[in-house]
Amino acid sequence: MSIVGIDLGTTNSLVAYWDGEKPQLIPNAIGELITPSVISFDKDGQVLIGESAKQRMISHPELSVAEFKRKMGTSAQYKLAGKKFTPEDFSDSQRKATKVAGELAGLKVERLINEPTAAAVAYGVHDREEESQFLVVDLGGGTFDVSVLELFDGVMEVHASAGDNYLGGEDFTQKITEWFLEKNQLNLKSLTPEALNLLSKRCQVAKHELSTNEQTVIKFHSGKSTFEQLITRSDLDHILKDTLERLKSPIERAIRDSKVKLSELDDVLLVGGATRMPIVRNLIGRLFRRLPACTIDPDHVVALGTAIQAALKSRDQALKDIVLTDICPYTLGVDVVQELKNNQYQAGYFLPIIERNSMIPVSRVQTLNTVADNQKKINCSIYQGESRLVKNNIKLGEVEINVPKGKAGDESVDVRFTYDINGILEVSIKVNSTEEVRTSIIKSEDCQLTDEQIAASMKKLEQIKIHPREQAENRLRLAKAERLYEESLGDKRDFIASIVAQYESILETQDLKSIEKYSKEFDETLQSLEEDVF
Amino acid sequence: MNCWEVLVIEPTNDKKAIKRAYAKKLKVTHPEDDPVAFQELSEAYQSALNIADYLELDESVYDEVEHDVVEPNKVIVNSESKQLIDSIPQAEKIELTKPSGDIEKIELIENLDESFNSNEKLDLDENKVAEISASDTDSFIDYFLARMNSLYRNSDTKNDIELWNDLFTEPMLDDIEIKQRLRYQVFDFFSCVLEEELQSKTKDLFDKNIVYGASEFFDWREDEISLTQYFGHESVDIVMSRAYGNANVSTDNVESKESSSGFSVSWFFWIFIIYVLTKLFASLAK
Ligand SMILES: Nc1ncnc2c1ncn2[C@@H]1O[C@H](COP(=O)(O)OP(=O)(O)OP(=O)(O)O)[C@@H](O)[C@H]1O
């Protein structure tokens, strides 16, 4: 059985596999390598995905969702076409949710991998002979990740990673949209969802244009009024100042944790669509006193890297002399009582057992003592986090064990944490005097759905009909036309409405020949309409 | 087995050789196949790299230290590490001149219209990227610490947020290394002055917004655990509770819980330095 690598992005998703020599991207139904992470429902409850759904964001915002990855694992709920989708049903963490999603889709999720690690792996295999230390900055649509890696003698070693799961290109678009509304004294609430999605799209386009041009104009109409707003690069600097500041701290943390000196870094790699922005590159250039490099298409690199990691996992012959060593990205430990002054104790402190950025797999022990006379049991709560107080960390589980009665401090237990390569944590406690052992497995990033739960979810999913592959292109045409309709005014609208009706009636005839012929004409008409929107 | 025996090489400070030896063994000690052997190998590798940094100082040191070093779980007191952090320079001694960092020059990196599809690497134009010289860095750090001290010691400026803000937005602070070097020194300063305030029971408290600002700027919260290991719970509590309000832990539920057997997870690196330094001093004294 072969393993594919999937880059499930906030804005775009890609799939790749290892062909025995190198990673290859797999095109979707309409032949594109990149599929927008958008879904939409049509009137008869069928599902559209990718480009057609993206087009429908503007014409049918109430039936479409994008950026849902951001909400995975949170309590957001989507109501589309009368059906409810609750990511929260499944889990409390994004990674867990991703895994469940994969499983529900009928895939066996082998491993969830770090985006920047994947990117770095793609880069490492790409320029294999090099012996180097580098830093990968991955700024996508919704997440920001930084990793420091080293390559030598066929070893790919991750030194440290850090990130912000709520920072990306979509936040920049959001900021530009807010700025536009303020500049034009528009009220967010006065806009229809259609208009708002249209405005976001215009702002996104402007953002992209500012990556190559010094300035551009955002054109937007709502109801009867039309707005034209000039935006320059220096406006953008100003708008994004605070948001960009947030890039600094994960970068600094990754450098700090890796203990690598800046002068020892051979390269700074940029990955992810939003790193195309000059202001992002400038900031990074300033921080590192050098120009960042990009050798592989920033959109493809993560997917390519996942395919390579899949091949590494199945020990592909071509990669047999490459070993990747990864790290545990956060600190794991237990809660303890701390002695403050003589005989004054305070509860709620965090005792780290596995420190963040330890190479995995890893196993570590700490010895704990009883603090009270005749204490009957020791209860260990297991936490993940970086605060010295457990209340600011995330609780993962609990293990309890009885100890023989004795004076305070006489009894001791060994707490052993074993963290494996798949992110599974095993905690075992041993009472030293009785040798009794208690073990608990915490699959911090794993899902524990029962078979019934999976079956029930599959059944729910079965009710959703997805358009057959042959129809994908036709659906995209219609979606495009509907979006153009939304963006146009007056006579042009009527014209678009009429050609859409005509195309739909031809599709209904199911006569392949005439569909094919008309489709071509339809494409050309759309193209010319697209070129002059106003 | 000490780390060199695990890696099957003679003790050396040649990091490349250490890496080569590690890579060779790693190919037959795959992390997925044999986690225990892998951990032994990876720990030996990390110890060897750490030792290599100090090996050239004194050839005889490694013989004595390696035993302590290769056992990462050993619990050792490390309050001494506090001394390792440079002491805060006194305002009187240092002239308050701002070094002219070249950092603005870096703004030149603009309009990079490189095409992503090309497989070539970007042509790095070294001249465009300014280098900050070591002496600039040192004098900026001295300046920063002295300025901080003088702001604090003068009751007119002590709580002047504007002035503190100016200091923390110095363009030189954009530099990762400078910021890194200041991070613990500034923490040390804040914890010392807050401790003084507590002891002297003064009414003229340091504005919590300034402490908060500094903490956010240096991201101290991300490293509470290691800060605690260097400075102790008390110092961290003092700074954090001033910055974020009384974040202290509750005192209930004490008896039913366990306590740590004494100290913290071995702070490998620092312990090592302390060990080497004491050895060094001992040998010098002889
Ligand atoms: N030329 C450009 N200029 C500015 N921004 C761009 C450009 N091209 C793409 N982007 C932005 O990059 C983002 C998408 O990047 P990418 O496809 O790497 O993200 P993703 O993989 O979907 O998300 P994530 O990795 O966060 O889950 C979008 O916000 C998009 O606006």
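## A bridge across chain A

Let's start with one pair: Arg246(A) and Asp164(A) form a salt bridge, and their closest N and O atoms are 3.1 Å apart. Arg246(A) sits in the loop between helix 7 (233–245) and helix 8 (248–258) of chain A, while Asp164(A) belongs to strand 12 (residues 155–164) of that chain, so the pair ties together parts that are 82 residues apart in sequence. Please keep in mind that this is a predicted model.

How exposed are the two partners? Arg246(A) is partly exposed, at 37% relative accessible area, whereas Asp164(A) is buried, at 17%.

## A second pair in chain A

Glu214(A) forms a salt bridge with Arg233(A), with 3.5 Å between the closest N and O atoms. Glu214(A) lies in the loop between helix 6 (193–209) and strand 13 (215–222), and Arg233(A) in helix 7, so this pair ties together parts 19 residues apart in sequence. Glu214(A) is partly exposed, with a relative accessible area of 48%, but Arg233(A) counts as buried at 14%.

## Reaching between chains

Glu32(B) forms a salt bridge with Lys313(A), the closest N and O atoms being 3.9 Å apart. Glu32(B) is in the loop between helix 2 (15–26) and helix 3 (35–55) of chain B, and Lys313(A) is in helix 10 (residues 301–313) of chain A, so the pair joins two chains. Glu32(B) is partly exposed at 28% relative accessibility, and Lys313(A) is partly exposed at 24%.

## The wider picture

Side chains of opposite charge can pair when their charged atoms come close. Over all chains, the count comes to 41 salt bridges. Some are linked in a network, whose members include Arg253(A), Asp257(A), Arg183(B) and Glu222(B).

Notes: Residues are numbered from 1 along each chain as its sequence is written. Chains are lettered from A and ligands numbered from 1 in the order in which they are written. This is a predicted model: local features need pLDDT of at least 70, side-chain atom pairs count only at pLDDT 80 or more; totals for chains, interfaces and linings use all residues. Side-chain values use heavy atoms; hydrogens and water are left out. A salt bridge is a side-chain nitrogen of Lys or Arg within 4 Å of a carboxyl oxygen of Asp or Glu. Helices (H or I, at least four residues) and strands (E, at least two) are DSSP runs, numbered from the N terminus. Buried means under 20% relative accessible area, exposed over 50%, partly exposed in between (1.4 Å probe, protein chains only).
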